[in-house]
Amino acid sequence: MLKARITRAAQTLRRGWKQHLATLALAWIAIVAVDTWRTRDLPQGPAPDVALVMAAAANGTTPATTLADWRAQHPGQAVAVHFWAEWCSICKLEEPSIASLSTDWPVLGVAMQSGNAEKVAQVQRQRGMAWPTAVDPQGTLSRSWGVRAVPALVVIDAHGQVRFATSGYTPEWAMRLRLWWAQTMPQWSAMLPK
């Protein structure tokens, strides 16, 4: 009885594989189209150098810096800028991935419309968010980058070029792949004959 059911299921799958393949292709096209639309305003080319007001560090300081200053602390490395918000449920879902990512790659958070430096620092302590975070209480910084929704992730290569920008939930493996690609590809292109 069970063997007959399994045989019928296998025959049905063999007959319908083209339909399943077409459905998967249409789903992929829809996902790419939506992602392209959502990221249409995110930066391309040189990373914008903007002033940053940082949330209080563990030692209680709140340094003001620029993106270029922060990147200079990580010479020769691709970096990620992660836009998030305290009130964003998808951002909370993505936090463990960002925490894991930040152990291997430089990550700068930007807390969009989440309060002042003190409030953002408090949220970070409560949630165990150890990466540095700039505050963007009015969303001005985020808008200057073209970020309209959170979470968003921007990957900048070692030469200051935006290599990837995503909006919405991004799985950790996809974040890591983008950072690896941004780190590795400039080295490969330098080896090609000119």
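Arginine 176 is partly exposed, at 22% relative accessibility. Here partly exposed lies between buried (under 20% relative accessible area) and exposed (over 50%), with a 1.4 Å probe and protein chains only. This is a predicted model: local features need pLDDT of at least 70, side-chain atom pairs count only at pLDDT 80 or more, and totals for chains, interfaces and linings use all residues. Residues are numbered from 1 along each chain as its sequence is written, and side-chain values use heavy atoms, leaving out hydrogens and water.

**Salt bridges**

The whole structure contains six salt bridges. Each is a side-chain nitrogen of Lys or Arg within 4 Å of a carboxyl oxygen of Asp or Glu.

| Pair | N to O distance |
|---|---|
| Aspartate 104 – arginine 176 | 2.9 Å |
| Glutamate 172 – arginine 176 | 2.9 Å |
| Arginine 163 – aspartate 157 | 3.4 Å |

Aspartate 104 sits in the loop between α3 (89–102) and β5 (107–112), and arginine 176 in helix α6 (residues 172–191), so their bridge ties together parts 72 residues apart in sequence. Helices (H or I, at least four residues) and strands (E, at least two) are DSSP runs, numbered from the N terminus. Aspartate 104 is partly exposed at 47%.

Glutamate 172 and arginine 176 share helix α6, four residues apart, about one turn. Glutamate 172 is partly exposed at 22%. Elsewhere, shared partners join Glu86, Glu95, Lys119 and Arg127 into one salt-bridge network.

Arginine 163 is partly exposed at 28%.

**Cysteines**

There are zero disulfides (cysteine sulfur pairs within 2.5 Å). Cysteine 88 is buried at 6%. Cysteine 91 is buried at 1%.
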